[in-house]
Amino acid sequence: MPKIINGKEISAQIKEELKEKVAEMKKAGISVCLAVIQVGDDPASSVYVGNKKKACAYIGITSLSYELPEETTQEELLALIGELNKRKDVNGILVQLPVPEHISEDAVIRAIAPEKDVDGFHPQSVGALCIGQQGFVSCTPAGIIQLLKRSGIEIAGKECVIIGRSNIVGKPMALLLLRENGTVTVTHSRTKDLKEVTKRADILVAAVGKPRMITREYVKEGAVVIDVGIHRNENNKLCGDVDYDDVAPVCSAITPVPGGVGPMTIAMLMNNCVESAALRQ
Ligand code: NDP
């Protein structure tokens, strides 16, 4: 049977390390503060925001919460971001996405000062990643690199195939694996012979957004399989983009859903907040 890459355990370890770091920073008079903005009351967003605030409290990061009504205008939201950009006590600004349709997601992402862009979505952060300069990295792919490293999985020289090319997962994942000296292929909905390409992978990252699409026919024997997807199946249970029961017997290591990639996203967000405060000093 494969090694189960335990994201719950690894994320807990990262949070412990951050808790210690924040306590030391506090002793040196440095505090860490994240501003979290939610527009509207989408239930899924409320759960994500709640989890982020809980993680902040655990680690010792102050969280400022802005729960704005659905009718908030883009100008009002941008004005709030502008104020938070100026505040010296705020190290990170997070606007929970998606925002209501009348607000441009792009305008919101660009409004956040790059030095407080703890989600790593600002074009300047993405550009910095692309040319190997310092900047915040999108939390889910950053978490996947931590999962691999902390599980002792070598990336350098490996064939890495990513299914999906979104701005928040697929593309930054490709850049990060490249930075770790992997040989990277990015696939998408127009890729021909997808299975032929994915079967080359030593490390396969599935971020396709289709429940249990990736069966063993897509996977080389002994590959490491990282499942980014989160869905509810017909029994309302969580499942990923990978058909876990089918794939697990043929791979060497795999992330489960839940308990794999998911918990890492918040841990890396916390890491970015702490880094932002440390860099400010
Ligand atoms: P998107 O829907 O933005 O992107 C999906 C990508 O998959 C696109 O690039 C698309 O190609 C590609 N794709 C779709 N169908 C196929 C196909 N049949 N064959 C090959 N490629 C295909 O999704 P995200 O990147 O935002 O998210 C991916 C998954 O990860 C989702 O299940 C999401 O819920 C989950 N997720 C989990 C997170 C976590 O914390 N664990 C965080 C973020 C996302 P094209 O570009 O051509 O359309």
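Student: Which residues touch the most other members of the largest nonpolar core?

Tutor: A nonpolar core is a set of buried Ala, Val, Leu, Ile, Met, Phe, Trp, Tyr and Cys residues joined through side-chain atoms within 4.5 Å, where buried means under 20% relative accessible area with a 1.4 Å probe, protein chains only. In this predicted model, where local features need pLDDT of at least 70, side-chain atom pairs count only at pLDDT 80 or more, while totals for chains, interfaces and linings use all residues. Side-chain values use heavy atoms, leaving out hydrogens and water, and residues are numbered from 1 along each chain as its sequence is written. The largest core has 51 residues, and Leu34, Ile61, Leu148, Leu177, Val205 and Met270 touch the most other members. Helix 10 (residues 262–280) gives the most to this core, with 9 residues; helices here are DSSP runs of H or I with at least four residues, and strands are runs of E with at least two, numbered from the N terminus.

Student: Where does Leu34 stand in its sheet?

Tutor: Strands of a sheet pair through backbone hydrogen bonds, either parallel or antiparallel, and two strands count as paired if DSSP finds at least two bridges between them. Here an open sheet of 3 strands has the order 3-2-4, with parallel pairing. Strand 2 (residues 33–39) is joined to strand 3 by 7 bridges, and Leu34 stands opposite Ser63 in strand 3.

Student: Which strands does helix 2 touch?

Tutor: Contact means heavy atoms within 4.5 Å. Helix 2 (residues 43–59) packs on the sheet and touches strand 2, strand 3 and strand 4.

Conventions
Buried means under 20% relative accessible area, exposed over 50%, partly exposed in between (1.4 Å probe, protein chains only). Axes are lines fitted to C-alpha atoms, for helices over the stretch in contact, and angles run from 0 to 180 degrees between N-to-C directions.
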